[in-house]
Amino acid sequence: MPLYRPPSEGNNLIIQATLGCSANYCTFCSMYKTKTYRARPLDQVFADIDQAAQEWPTASRVFLADGDALTLSMDNLRAILNKLHETFPELTRVSAYATPKNLIDKSVDELRELKAMKLSLVYMGIESGSTQVLKRVIKGASHKTHGMALDNATAAGLKVSATVILGLAGQAGWKDHIASTAQLINEHPPTYLSTLQLTLDEGAIDEFMAEQEAGFEFQDDDAILQEQEQLLKLLDPPKPVIFRSNHASNCLPLAGNLPKDRNKLLDIITAAKEQTHLRRSPFMRGL
């Protein structure tokens, strides 16, 4: 512990193939700061799988934790995926977090091989399409590498669930943040796109602010809705993208398909800008 997983994996089996995150330097993220990254020995992973099978033999979906299990070697991933396939006869999908580096370091052929072994969905934190914003939060990626990673995953047939953090660039940088993010998504569309609202643990604020330009100011809910509105106006992907802002950090939950539902979503934002009672109450928000 702590153990994290995407909201959509809440009802699925979680197997910890790794502990922590191999990067673990992003200033906005405190998820794995108490852990040192390591790959778990295969015998321990296999023991967990065997125990899980005794309690849930019909499990059909498995999430490989922790932060970026896709950083494992192909040999380890093959062994784990084979074990899952042998143990769970109803297995239909394996998923994992993945960094842009994970999706670039492995070849498209290797990613295709993982897809054939049912690792078919990866969760990738884009955070921003702006290289400058990414540098200030020490993401270890750029607009270009994000695009390369998304293209590799798409070429391999993997579904990508990508996340963007509203408010990440503050008051001064939000327009570049949103415009560059929309450009990235339009050029390299993922399968799913979700927005989160910047929420920092108290212990992470100093580290986050240390990398920002002087005068950085956080966005309030009104400004966040402005960012969300502008992002939706600019998004025009060449293929359908399933859009969500249902993460608990968001002041306004949204759900639809882009570009088809753009106007409907924009109407909801307009109403929430004018009627604050339509927004999620602060006590209901969190990470």
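The following exercises, with worked solutions, concern a predicted model.

**Exercise 1.** Determine whether His177 is buried or exposed, and describe its surroundings.

*Solution.*
Step 1. Locate the residue: His177 belongs to helix H7, which covers residues 170–187.
Step 2. Apply the cut-off: a residue is buried when its relative accessible area is under 20%. His177 has a relative accessibility of 0% and is therefore buried.
Step 3. List the contacts, leaving out residues up to four places away in sequence: His177 touches Glu127, Ser128, Gly129, Ser130, Val133, Val164, Ile165, Leu166, Gly167, Leu168, Ala169 and Glu227.
Step 4. Consider a distance: Leu134 is 43 residues from His177 along the chain, and their C-alpha atoms are 9.3 Å apart.

**Exercise 2.** Characterise the largest cavity by its volume, lining and residue classes.

*Solution.*
Step 1. Count: the structure has 1 cavity of 30 Å³ or more.
Step 2. Give the volume: the largest cavity holds about 40 Å³ of space.
Step 3. Name the lining: Leu166, Gln197, Ile224, Leu225, Gln228, Asn250, Cys251 and Leu252. Helix H9, residues 221–234, contributes the most, with 3 residues.
Step 4. Sort by class: 5 lining residues are nonpolar, 3 are polar and none is charged.

**Exercise 3.** Characterise the second largest pocket in the same terms.

*Solution.*
Step 1. Give the volume: this pocket holds about 150 Å³ of space.
Step 2. Name residues of the lining: among them are Leu166, Gly167, Gln197, Phe218, Asp220, Asp221 and Ile224.
Step 3. Sort by class: the lining comprises 6 nonpolar, 4 polar and 2 charged residues.

Note on methods: Residues are numbered from 1 along each chain as its sequence is written. This is a predicted model: local features need pLDDT of at least 70, side-chain atom pairs count only at pLDDT 80 or more; totals for chains, interfaces and linings use all residues. Side-chain values use heavy atoms; hydrogens and water are left out. On a 1 Å grid over the protein atoms alone, a cavity is a set of points where a 1.4 Å probe fits but cannot get out, and a pocket is an open set with protein on both sides within 12 Å along at least five of seven lines; lining residues have an atom within 4 Å of a point. Grid points are joined across faces, edges and corners, and a volume is the space filled by probe spheres set on the points. Ala, Val, Leu, Ile, Met, Phe, Trp, Tyr, Cys and Pro count as nonpolar, Asp, Glu, Lys and Arg as charged, and the others, Gly among them, as polar. Helices (H or I, at least four residues) and strands (E, at least two) are DSSP runs, numbered from the N terminus. Buried means under 20% relative accessible area, exposed over 50%, partly exposed in between (1.4 Å probe, protein chains only). Contact means heavy atoms within 4.5 Å.
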